[in-house]
Amino acid sequence: MKQVLTIVGVLTFVFQGITLHAQNTAVLSGTVKDKITQEALTGATVRILSLDASDVVSGATTDVDGRFSIGEIPPKSYTVSATYLGYSTVTRYNVVLTTGNTAFLNFELEPDSKTLGEVVVSENKSVRIASTETPLSIQNLSVEEIKSNPGGNFDISRVVQTLPGVGGTSGSVGGFRNDLIIRGGGPSENVFYLDGVEIPVINHFATQGASGGPMGLLNVSFLEDATLSASAFNARYDNTLSSVLQFRQRDGNPERFQGNFRVSATEVALTGEGPLGRKNGKTTFLASARRSYLQFLFQALDLPIRPDYWDFQYKITHKINSKTTLTAIGVGAIDEFFFVAPSDATPENIYILGSNPNINQWNYTQGFTLRRLVENGYWNLTFSRNMFDNQLDQFAENYDGKQDDESKRTLKLNSQEIENKLRFDLNKFIGDWKFSAGAMAQYVKYNNQTFNRIRPEIRDSSGQVVQSEVVANFATDIDFFKFGLFGQVNRTLFKERLSVSLGIRADGNSFSDDGANMLQTISPRISLSYGLAPQWKLNATAGRYYKIAPYTALGFRDENDVPVNQNLPYTYSDHMVAGLEYLPTPALRLTLESFYKRYGDYLVSARDGLSLANQGGDFGIIGNEKLNSSGTGESYGFELFAQQKLTKNLFFVGAYTLFWSKFSNADGQLSPSAWDNRHLLSLTLGRKFRRNWEIGLKYRFQGGVPFTPFDLEASQRNYATVGRGIPDLTRLNSERLNNFSQLDFRIDKKWNYRRATLDIFFDIQNALLTKNPAYPQFTFARTSDNSGFDTTDGQALRADGSNGKALILKNEDATPTPSIGIIVEF
């Protein structure tokens with residue numbers, strides 16, 4: 001913190017020394033396209049408006065390529081609109097213009113709605129982001145909403161938790177993980193796309209077989225917006241049960257090099273962009289690198305964990321001609337999570353040392369997309385490759401953090417997942433009809449070498465075995481193909497008052513015995529939207545969605561080297577959703593939705609009978625065991641959502657969800673899942689002030705999640721080896737944590753200079769010092785000087801723990817997380 005404050009002071013002094021009498025103005029550039037055909041719109045009008053849209057500050061028209069550029073603008077926040085004869089107006093709110101970087105906006109306009117007698121079906125394209133395929137259960141966040149989110153820490157996985165139906169693992173310590181729980185589904189049920197390229201890993205220190213981790217790895221400086229769909233999925237997206245999260249990146253500056261440098265309490269990041277080659281705007285780039293120094297922060301706090309990560313990202317766009325564009329994107333990360341002995345060996349620190357593995361990971365996604373405009377439509381051809389390398393190591397009695405005694409090893413895992421993907425989609429529009437169809441092929445490779453001592457052998461004082469050893473020790477190396485087809489057709493009826501979308505998808509694979517039979521995964525879906533009045537819409541959807549078992553499960557081999565999970569079926573989920581949407585003003589959107597999700601063929605552990613729906617919110621790996629598909633589940637509830645875009649210097653987002661999440665385990669009975677919060681509430685408020693000051697508040701409330709109490713006898717016996725307590729599965733999820741609530745606060749101040757901008761921000765999570773519960777932890781009491789375990793006989797702790805003094809750590813601390821940082825645009 002002292003280093004950050006020093007940097008802030010130096011930079012403020014330097015910037016104050018820049019020429020004071022220079023005219024400090026901003027530039028806005030961008031494009032305007034037809035959303036249907038992706039053709040450039042020549043002669044479209046772009047206006048920069050005051051925040052209340054009452055005054056026109058400046059404007060321009062687009063050139064033959066659909067581009068515009070507006071200069072000499074006083075730097076501050078504006079509303080920007082794009083209009084074109086015969087098209088609906090699109091308005092962007094909270095567009096922040098600075099002198100340091102040229103801002104870019106890309107508008108996509110749709111043809112105007114028609115007049116229906118005395119009723120005009122006027123869809124407000126500015127605030128409504130739904131489509132015919134996905135008329136409901138869809139939300140959008142602009143880049144400014146992501147950057148300025150209090151407590152968001154520039155992490156999109158955290159920011160989306162302000163949306164309806166989106167929860168997190170509130171039972172983790174401080175609720176710090178980025179596991180996305182969408183409408184009661186598990187964290188492995190979501191898929192992620194970056195500019196149309198699937199990216200399996202979006203978090204550092206990812207849980208293999210799921211999708212979560214403690215911090216995101218995408219650079220928000222690249223993003224134009226993020227869109228979350230919780231149902232009514234477009235048929236082009238495969239392998240999802242709960243959500244599709246799409247990130248759309250902007251292109252680099254075609255005119256000049258520019259960038260930004262960000263330093264905060266946890267990391268430092270550098271981003272650059274500009275033209276490549278001749279300055280004709282045909283080829284642009286974005287590139288960034290980010291480095292964590294969390295390890296130094298935790299060292300200062302005397303915590304035994306040392307997380308360390310790098311991440312990298314780039315995008316290159318090349319316009320081959322007026323109808324053809326080639327885009328290359330890349331994302332990668334290097335993660336290391338290790339331990340050191342703390343100076344104060346408290347029970348809490350000893351538990352951290354013993355219960356978590358060393359993590360060494362790296363991953364990347366590389367993708368190339370060729371887009372070609374054709375008559376009344378366009379097609380996309382995408383090739384991508386992603387790889388995830390995961391190494392985990394854990395040792396018993398790891399009280400000094402060294403982890404080097406092989407005789408005490410409990411876990412050694414070396415695993416790699418590799419996917420090579422080819423996708424093609426064709427999109428055509430004829431009158432009121434819209435057609436899309438495509439195909440997907442993937443070549444998958446997965447290997448895994450695992451040694452996992454799940455339970456040690458325990459003998460009593462007479463030498464009798466009271467607990468047999470349970471060990472998983474195998475190596476696997478598999479490769480196979482995945483393939484899929486989809487089609488979707490949309491039609492507007494009754495002079496565009498009713499829109500209908502029908503979609504179908506089927507997937508298969510070459511790994512399981514009957515995996516090539518795509519009739520087993522026929523995935524139909526239908527969406528309807530009806531205009532009740534100019535500002536009201538009634539929406540509904542129903543569909544079935546399939547997901548293949550994780551590679552960790554498909555590649556598992558038992559003690560006889562048999563791939564016992566090879567023929568696991570696809571898990572499926574049936575969605576039924578209905579809702580109302582009301583748009584009282586161009587900047588305000590209100591929705592009410594009810595939903596029901598029914599699951600079948602869900603995976604259940606053959607060892608302990610626990611559904612995988614209850615797993616994925618911790619470090620390590622899930623699915624790496626023998627499984628069966630006997631599980632079922634359901635999740636249902638309703639959502640309220642209100643979003644006011646920035647007008648008159650004020651914006652807010654409010655979301656409330658009431659839901660129930662239930663899954664069956666080996667007993668076949670539905671019971672509350674680990675994500676059954678019941679109540680999710682999120683309120684975000686932002687206020688802009690003069691002289692580029694901004695304040696934001698965010699309040700989150702989540703109902704207490706179920707948890708399983710410890711089997712005290714088994715925990716006593718096994719703690720010395722496994723480093724954590726053993727849950728009593730006969731009382732699965734029979735207790736609940738207290739409720740989670742947190743208020744986050746953020747304040748920003750910008751200074752604009754001739755060719756640079758300085759932004760200083762202060763952010764504090766849990767500003768009210770609320771005590772938030774995490775899952776209890778089983779350990780043994782320490783001596784008064786923390787030099788060892790306190791035992792009943794004063795001797796060293798026995799291997800079976802029989803002389804240890806059991807201690808349950810409640811984990812109900814009130815811990816604030818302050819952060820101060822700077823962003824320099826140049």
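Trainee: Is Arg 248 buried, exposed or partly exposed?

Mentor: Please note that this is a predicted model, in which local features need pLDDT of at least 70, side-chain atom pairs count only at pLDDT 80 or more, and totals for chains, interfaces and linings use all residues. Residues are numbered from 1 along each chain as its sequence is written, and side-chain values use heavy atoms, with hydrogens and water left out. Buried means under 20% relative accessible area, exposed over 50%, and partly exposed in between, with a 1.4 Å probe and protein chains only. Arg 248 has a relative accessibility of 29%, so this residue counts as partly exposed.

Trainee: Which residue meets Arg 248 in a salt bridge?

Mentor: A salt bridge is a side-chain nitrogen of Lys or Arg within 4 Å of a carboxyl oxygen of Asp or Glu. For Arg 248, the N to O distance to the partner is 3.6 Å. Arg 248 lies in strand 18 (residues 243–249) and the partner in strand 17 (residues 223–229), 24 residues apart; strands are DSSP runs (E, at least two residues), numbered from the N terminus. The partner is Glu 224.

Trainee: Is Glu 224 buried or exposed?

Mentor: The relative accessible area of Glu 224 is 10%. Because of this value, Glu 224 is classed as buried.

Trainee: How many residues apart in sequence are the parts that Glu 198 and Lys 421 tie together?

Mentor: The side chains of Glu 198 and Lys 421 form a salt bridge of 2.9 Å, N to O. Glu 198 belongs to strand 14 (residues 197–198) and Lys 421 to strand 26 (residues 409–430), so the parts tied together are apart in sequence by 223 residues.

Trainee: How many salt bridges does a search of the whole structure find?

Mentor: Another of these pairs is Arg 290 with Glu 267, whose closest N and O atoms are 3.2 Å apart. Both Arg 290 and Glu 267 are buried. Over the whole structure, the number of salt bridges found is 45.

Key
Helix = DSSP H or I, 4+ residues; strand = E, 2+ residues; numbered from the N terminus.
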